[in-house]
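Let's take a friendly walk along the boundary where two parts of a protein meet. Have a look at the structure first, and then we can go through the contact together.

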Amino acid sequence: MSAVMNIKLTVNGVVYEKTVEPRLLLVDFLRQDLHLTGTHAGCEHGVCGACTIIVDGDSVRSCLMFAVQADGCKIETVESLARLGSVDSLNPLQESFRSHHGLQCGFCTPGMLMTSTDLLKKYPLATDEEIREGLSGNLCRCTGYEHIVQAVRTAVGQREESEK
Amino acid sequence: MQTRPKIIGTAAKRLEDPRLLTGHGSYVDDKTPAGTLHVAFRRSDQSHATILSIDCSEALKMPGVVAVLTARDLEGLVKPVVATSKMRDYHATPIYPLARDKVRYVGEPVVAIVAESRYLAEDALEGIAIEFDTLPNVVDPEQAAAPDAPLLHEDAGTNVIVRREFLRGDVDLAMAAAAIRVNRRFRFHRKTPMAIETRTYLAEYDQGRKSLQLHTTSQIPGIIRDVLTDILDLPTVRVVAPDVGGGFGGKASVYQEEILVCILARKLGRPVKWTGDRLEDLSSTSQGFDEIVEAELGLDEQGRILALTAEVVGDIGAYSIYPWTAGLEPVQVVSFLPGPYRVAHYRGRVRAVATSKPPTGPYRGVGRPTSTFVMERLMDMAAQKLGLDPREIRLLNFVSQEEFPYKTASGIVWDRSGFTECLTSACAAFDYEGQRAAQAVARAAGRWVGIGIASYAELTGIGSRISASPGMPINTGTETATLKIDSTGAVTAAFGVASHGQGLETTLAQVVAEELGARLAAVTIIHGDSAAVPHGTGTYASRSAVLAGGAATLAARALREKVERMSAHLLGVTAAEVMVADGFAFVPGSDKKISFRELAKAVYSEVGRIPAEARESLEETKLYDPFFGTTTCSTHVTQVEIDPETYVIKVQRYQVAEDCGRIINPLIVAGQVHGAVAQGIGAALFEEMVYDEMGQLLTASLVDYLVPTAVEIPSIGVSHLDTESPSTVGGFRGMGEGGTIGAPAAIANAVADALNHLNILIDELPVTPERIFQLIKNKEK
């Protein structure tokens, strides 16, 4: 496994050029090479959704992609959501998760936020069933989902307010 | 500022959230110091086998490999971990970091490979060759309990690791006299806690200071510190549990990998990390309850309970886990079986049996998910025989307010709790009558709709007079709080608890802020660090709000008095005239006022302002011991519908009413209930660790081990009873586990109700479409 490849990609608006092994998982690349530890690896086999990020506008499991497959891609991780990544400037979705107590241990939260960001961009989310269906690829073991659904519901309302 | 603001009881936003929402949390795997080495484990692929030889020569040649170790390499470096107990008829099973001589479950660590990266360490696993001599598997717990069964631990001389009996009254006579008797053999299959964060450990050794620091995904850093100091014979060990991604009991024991990274860091002089993967989590993290219960309930013709008997076999897996012992889970099944009911005559017997599977350990609810499943099924079976509504038979048998404190048949004391009130409140919120009427309509239309009730009581916030696990020699019944106002006026409060999702940084700050008179956002809670307080054990057993909340209350009150005394000097009044609120000491009705910051400056820096003999450091340490603990109770009511063709069970309505005493933060309480109910629904319908007759795990990924998603979990209603515990400082009761206790029983009763017309009994969980199919098929034969 000595072969390496050069990749160039944009993560949270920053362009990176790196040399990586072809077998390096994208989640490990983000966490170890870029030190963006907000993205979490929960199962490493594509079920739990904790590692969800956005690649070229679509939510993706970063444990099911190699870093080399992201060559030339535009990636957003949880660190991109708050203004300047600051804990003092949460975006409306993050605020809604906080107000509704939509997180407990916080480990699935980055994946939940990135999936929700993608859902809010693409789908009407008119009913709670639709929200639950949209979140069904992300496991949470703490919240029982109730408060997460409420948080996304509020974010849907805010999205509609801002569209008026 | 005349009246102090109420902070306890408000839905304060969590203080830990901003960092967790922005990706700035600090979980163990987020930390990788320069020079860190990574460990991969070659684990046993045999259930029970002698290790004949291990050849590591190929692995040692592989790129990036620094060391390869087997049990032989650890001789003299570490003592085994032994979970001792005062229980009679108990056999401890020593645990070594790597298997010695033989393996006892698939997944047991045998060889540790240390390399420059996790990738390289895992590559080198291919270079290990182990020769096993297969021994007879010990998979079935009832067979394993037989006198001639092959032994897992030869030194124990038996696979029955714990044996216990609870007896009250003349149970055989009372049972014989019972007008109504219901009995059944119940089975609750093995599950796994499955926190989303896998177990991860990072050890760093400072050779100059001979001091070891371990970062661990643990619920019990204080216990880990104490045991590491002992088995590694080190003078200074600090154990830190930073942000931890869920535990549910699975991170509440001492683990082999945890000990091993410490040995390696000391031996190799570099930081050593192990990050478990999901397969390792599923096959080596302590698992939850695995029990067979044969139980009988005898009642009079009105439906009053006369007698209860139970024979429990608990499959505890390969080892008696540290520190809880193998008695923790199965013994609590028999000690809690009588539940919130008056049971005059009781006999509960339990055997905890070792098998060649991963150890079971604490799992959310401990013992009570099974005891409640069994007792609540028996109550419904009896109600049906008597023609009573499930609600009525419970109301008839609950310990009433006049009877508290009530000593149960197994010796547990219910101090005071709202058993009846919870049932009434849950049924009202559920619209029980309305839903029963709707069910009748649905049934008439051929739909399989069922309603289930489950009530339970649990002991929480256990103090020093009762061990968190029967006979366990370590003290889990006290908690220390150290509060400080430092020279900048900042308030910190340190505890021995270790929050891993419960929001203790917020709820304990609420208690401190209110009792001290500080601003909520100005209080920093230090937890999960063995160096923070002299003794601490962690967060488990629904103890933290009660014990740490109590210690926080006592320490904050004492510190407030100090603030009053010191401020009195500066404001020129008596201490009795000073009030403290919102980070200020002040004299009501005057402009005399001083901030914590100014006060701290006067106390610590401007030393002339307070007479030397009166000057006191602004800190307080208090220990709190609730002695016995307090009773938390709840009723769950649910409605399910089963598809008559696919047998898929859909949970449609769910209501909980609970008495958790004085509520610190209603949003956090609701979140704990929702999450615990979801785990209980998982245990009832989906989650099962399936082992074949060879002891091989068949549900070794999250594709096969089904964790409920947002689609399977319904919206969950929660009603809180507004009470205060009579037994604890602050009036708090513990409530983190309850949902997992009530949900399996409520779902089982609802499924049984939905299938009532087919004359099918539910006695096995999880109840899956496959199991319903088999039950119906067998009935048709």
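What follows is a short report on the interface between the two domains.

Please keep in mind that this is a predicted model. Chain A is assigned two domains: domain 1 spans 5-80 and domain 2 spans 83-163. Taken over C-alpha atoms, the centres of domain 1 of chain A and domain 2 of chain A lie 21 Å apart. Where they touch, 20 residues come from domain 1 of chain A and 17 residues from domain 2 of chain A.

Putting the two domains of chain A together buries about 1,300 Å², and carbon and sulfur atoms account for 56% of that area.

Seven residue pairs are in polar contact between the two domains of chain A, and the interface holds one salt bridge. A:Lys122 and A:Asp58 form a salt bridge, with their closest N and O atoms 2.4 Å apart.

On the side of domain 1 of chain A that touches domain 2 of chain A, strand 3 (52-55) and strand 4 (58-61) each supply at least two residues.

| Class of residue, domain 1 side of chain A | Count |
|---|---|
| Nonpolar | seven residues |
| Polar | nine residues |

Definitions and conventions:
Residues numbered from 1 in each chain as written. Chains lettered and ligands numbered in written order. Predicted model: local features only at pLDDT ≥ 70, side-chain atom pairs only at ≥ 80, totals over all residues. Heavy atoms only, no water. Domains from an automatic or database assignment. Contact = heavy atoms within 4.5 Å. Buried area = accessible area lost by both parts, 1.4 Å probe. Salt bridge = Lys/Arg side-chain N within 4 Å of Asp/Glu carboxyl O. Polar contact = N/O pair within 3.5 Å; in protein donor to acceptor, adjacent residues only side chain to side chain. Helix = DSSP H or I, 4+ residues; strand = E, 2+ residues; numbered from the N terminus. Nonpolar A, V, L, I, M, F, W, Y, C, P; charged D, E, K, R; others polar.
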